[in-house]
Amino acid sequence: MGFGKFSGTSCANHGARIYMLYRSLPAIFLLIAMALTGFPGAAQAQSYTFNSVQVDGNQRVESSTIIAYTGISRGKAVSAGALNDAYQRILDSGVFETVELVPSGSTLLIKVKEYPTINVISFEGNKRIKDEALSGFIESTSRRVFNPTTAERDASIIAQAYSQSGRVAAVVTPRIIRRSDNRVDLVFEIAEGDTIEVERVSFVGNRVYSDRRLRRVLETKQANFLRAFIRADTLIEDRVAFDKQVLRDFYLSRGYVDFRVNSANVEFTRERDAFFLVLNIQEGRQFRFGNITTSSEMAGADAAVFQAALKVKPGTVYSPSLVENSIARQERLAIREGIDFLRVEPRITRNDRDLTLDVEFVLVKGPRIFVERIDIEGNTTTLDRVVRQQFKIVEGDPFNPREIRESAERIRALGFFGTSDVDARQGTAPDQVIVDVDVEEQPTGSLSLGGSFSANDGIGLAIGLTERNFLGRGQRLGLKLSTAQESEEYVIGFTEPQLMGRDLRFDIDFGASGRTSTFASYDIERRFFLPALTFKIGEDSNLQVRYSWKGSEMLARDAGVSGAVIASEIAQGQQKSGSVGFTYTYDSRLTGLNPNSGFLFEVGADFAGLGGDSRYVRSSAKVIAQTRILNEEITLRASFEAGGLSWRGNNFSRAVDRFVLGSDVMRGFEPAGVGPRDLSNGVNDALGGNLYSVLRLEAEFPLGLPDEIGLRGGLFYDIGNVWGLDNVDTAGGTIVGANGSARHVIGVSFLWTTAIGPLRFNFSKAIKKETFDKEQSFDLTIQAKF
């Protein structure tokens with residue numbers, strides 16, 4: 001048994017010398033043979049005629065195949081140059097380790113030595129990447145001819161795979177173990193090395209945004225003491241390239257149109273155990289929109305009508321995405337107006353004096369091209385109609401490249417496919433286009449196990465089973481079981497995102513929940529059935545209409561003592577209600593003109609009386625405004641929400657029907673710690689109220705710690721109250737706080753984004769409260785999935 005060796009990526013020059021020796025030795029033999037047989041020099045044009053060609057040394061390859069490689073015909077003159085070309089063709093076949101051409105009179109003898117056959121391929125020294133994964137990277141395969149060039153290339157590919165995981169010092173060396181019958185075992189010896197982390201990411205040339213702010217944009221993170229959980233601190237070439245692009249997108253979306261990354265330099269630390277990543281950038285100056293106009297070069301397209309469809313205004317910070325959104329809005333308007341083949345061309349004029357960009361949207365007539373058909377391939381599970389629903393066009397419609405791009409993004413956003421490519425090619429006629437959709441399915445089912453802790457419910461366990469593409473129909477089916485020390489919930493949910501092929505989402509949820517709380521003198525059991533329809537009524541707004549059936553019951557505890565009011569409500573037993581309702585939502589946080597500001601408005605109402613025991617109108621509203629200041633270092637947020645309950649039934653309302661403030665609505669108090677209470681029978685029962693309002697003011701800011709730790713600070717100020725006991729049976733009760741005053745709470749938060757989930761620590765102090773309120777100065781919430 002013999003051993004042969006050639007170098008891997010760690011000794012590429014040595015490998016190159018060995019490879020050149022493989023190729024040059026036969027050439028030397030040929031020159032010697034030419035000299036021995038009297039071949040003239042290159043300057044002398046001598047030709048030879050061979051009546052026979054013999055092959056020696058071949059075992060697997062037929063002699064006729066080797067002779068065919070030469071291209072030499074018997075009885076025809078062959079020059080020395082043609083003979084050398086024949087030698088090169090045989091060698092280039094990649095089947096032979098050595099080739100020798102020996103002319104002997106009218107006979108040409110071809111001596112060959114075949115490369116051995118690979119018996120088995122194995123990997124040694126690999127722990128981080130398994131054999132199965134490595135086998136998928138390489139080109140060499142068992143029972144195929146061994147090729148040293150391919151083996152060297154495979155070693156480089158394996159080393160690159162390790163480099164992508166941060167192990168840039170990995171060394172891969174291919175070795176062969178010779179076996180009988182001209183076979184070899186191919187072994188890749190791998191020295192994985194240590195993971196080399198990024199010790200520091202810094203920037204040169206940034207004046208507007210701090211290093212800390214820019215590091216939050218990047219995917220590459222600095223190493224820290226939590227690197228066991230954070231794996232983004234290794235140096236990966238593709239990730240650095242991605243970071244350069246997202247950094248450019250970040251600046252462009254904020255009006256810095258001249259921004260560019262001059263270089264991304266990587267340096268070893270002095271100890272050579274970590275990297276420094278330095279990004280040299282040029283920010284340029286910030287531009288805003290100047291004059292925004294629309295002109296038409298297409299008959300039937302009124303420029304004034306299309307100008308009115310624009311939302312962007314002069315003085316707004318320039319962003320390419322705003323231009324793209326404006327073009328899409330005008331082209332959608334053309335479709336609604338029945339104007340086919342309209343295209344919008346933005347023509348931008350730069351004004352360096354006042355740092356503005358004038359944008360003229362020109363309406364032009366595009367090429368008259370139609371969609372011949374849409375071909376979908378690769379969807380082995382997902383139905384064709386699920387993919388087709390992402391297109392706003394069908395066969396025979398005018399072709400719009402922008403719509404095709406948007407459709408491709410919607411297909412990717414489904415999350416059903418690992419890869420998806422959408423391309424257009426010419427159809428059967430010059431004015432026809434075929435849209436090809438090539439997808440690759442990926443698993444869409446998930447089983448999630450989660451843990452949670454809150455001061456309200458204690459420690460809990462959540463189990464979720466979800467299928468996002470049920471039976472390949474694009475539907476969502478989920479089952480959630482969650483239990484905590486003081487509450488439990490079981491829910492089954494179903495979602496059809498495209499009801500009847502339209503942009504209409506249908507949801508249906510039903511389940512049951514129970515709650516045993518130390519904050520109340522009774523237990524609660526609920527059952528519910530909730531179907532709903534949701535549809536868009538604007539670019540940033542949608543409307544949900546729903547029907548709701550609920551059954552709830554307040555249960556007395558064993559040996560428990562309740563006040564007179566709660567005791568009377570427990571005596572009502574199970575109560576049922578059927579209601580119809582709506583919720584209108586406007587949210588500009590994702591699609592607004594300012595990437596640093598957002599606004600959410602939500603209002604809804606439920607009207608009960610369609611079956612059941614209760615009749616009421618329950619309404620609520622919420623407003624949230626958010627912005628970032630000081631170069632986006634500090635986030636300011638203001639939230640206001642309020643609700644009202646108008647009870648119209650013959651029976652009295654219960655505490656479970658009225659509004660109760662939890663710590664997620666107003667901090668600084670226990671759940672139901674604010675509002676009217678019943679002090680009869682020596683207890684302190686929370687009754688809730690028919691009305692409530694809460695204003696929350698918050699500021700979040702960095703603490704000067706590395707962003708990779710994920711720890712930020714916050715200040716908050718909450719003002720709120722819950723009041724009103726109309727239609728409540730208060731007979732025999734000792735009622736306090738029926739119309740109480742607004743409570744004021746101030747506090748400090750620590751927000752920690754960790755690998756096990758977001759943690760929020762709230763330390764609060766009620767600076768204005770009632771004597772019967774139940775204060776809570778600390779609140780911790782953890783939620784994680786694993």
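1. Start with one pair of residues in this predicted model. Thr 293 has Glu 360 in β15 as its bridge partner. The strands involved are β13 and β15 (residues 356-365). They pair in the parallel sense, over seven bridges. Keep in mind what pairing involves. Strands of a sheet pair through backbone hydrogen bonds, either parallel or antiparallel.

2. Now widen the view to the whole sheet. It is an open sheet of three strands, in the order β13-β15-β14, with mixed pairing. Which strands stand at the edges? They are β13 (288-296) and β14. Each has a single partner strand, so one side of each is left without a neighbour in the sheet. From one strand to the next, the twist averages 20 degrees.

3. A helix belongs in this picture too. α9 lies across β13, β14 and β15. Its direction is at about 150 degrees to β14.

4. Next, look at the nonpolar residues here. The largest nonpolar core has 22 residues. Those touching the most other members are Phe 289, Ala 301, Phe 306, Ile 339, Leu 342 and Phe 361. β13, α9, β14 and β15 each supply at least two residues of this core. Its largest share comes from α9, with five residues.

5. Residues up to four places away in sequence are not counted here. Phe 361 touches Ile 292, Thr 293, Thr 294 and Ser 295, among others. Its contacts also include Leu 310, Val 323, Ser 326, Ile 327 and Gln 330. Val 344, Glu 345 and Pro 346 are touched as well.

6. Ile 66, Tyr 69 and Thr 70 in α2 meet Ala 86, Arg 89 and Ile 90 in α3. By class, this contact has four nonpolar, one polar and one charged residues. The axes of α2 (residues 63-70) and α3 (residues 80-92) come within 7 Å. They cross at roughly 130 degrees, which makes α2 oblique to α3.

7. A second open sheet of three strands has the order β10-β12-β11. Its pairing is mixed. The edge strands are β10 (197-204) and β11 (260-268), each pairing on one side only. Direction ignored, neighbouring strands are turned by 20 degrees against each other on average. β11 and β12 (residues 274-282) pair in the antiparallel sense over eight bridges. One example is Asn 265, whose bridge partner in β12 is Val 278. Helix α7 (residues 237-252) lies across β10, β11 and β12, at about 35 degrees to β12.

8. With β7 (residues 117-124), β9 runs parallel, and six bridges join the two. There, Ile 118 stands opposite Val 184. With β8 (residues 171-179), β9 runs antiparallel, and nine bridges join the two. There, Val 171 stands opposite Ala 191. β8 and β9 form a hairpin with three residues between them. In the turn, Asp 181 has a positive phi of about 60 degrees.

9. Check two further residues for positive phi. Phe 341 has a phi near 65 degrees, and Phe 341 is not a glycine. This residue is found in the loop between α9 (320-336) and β14 (342-351). Leu 471 has a positive phi of about 55 degrees, although Leu 471 is not a glycine either. Leu 471 sits in the loop between β20 (458-470) and β21 (475-484). Is each one buried or exposed? Phe 341 has 5% relative accessibility, so Phe 341 counts as buried. Leu 471 has 59%, so Leu 471 counts as exposed.

10. End with Ala 424, in strand β17 (residues 417-426). Ala 424 counts as partly exposed because its relative accessibility is 43%. Leave aside its neighbours within four places in sequence. Ala 424 is then in contact with Phe 399, Val 433, Ile 434 and Val 435. Compare sequence and space for Ala 424 and Ile 404. They are 20 residues apart in sequence and 8.4 Å apart in space, C-alpha to C-alpha.

Technical notes:
Residues are numbered from 1 along each chain as its sequence is written. This is a predicted model: local features need pLDDT of at least 70, side-chain atom pairs count only at pLDDT 80 or more; totals for chains, interfaces and linings use all residues. Side-chain values use heavy atoms; hydrogens and water are left out. Axes are lines fitted to C-alpha atoms, for helices over the stretch in contact, and angles run from 0 to 180 degrees between N-to-C directions. Helices (H or I, at least four residues) and strands (E, at least two) are DSSP runs, numbered from the N terminus. Angles under 35 degrees count as roughly parallel, over 145 as roughly antiparallel, 65 to 115 as roughly perpendicular and the rest as oblique. Contact means heavy atoms within 4.5 Å. Ala, Val, Leu, Ile, Met, Phe, Trp, Tyr, Cys and Pro count as nonpolar, Asp, Glu, Lys and Arg as charged, and the others, Gly among them, as polar. Buried means under 20% relative accessible area, exposed over 50%, partly exposed in between (1.4 Å probe, protein chains only). Two strands pair if DSSP finds at least two bridges between them. A nonpolar core is a set of buried Ala, Val, Leu, Ile, Met, Phe, Trp, Tyr and Cys residues joined through side-chain atoms within 4.5 Å.
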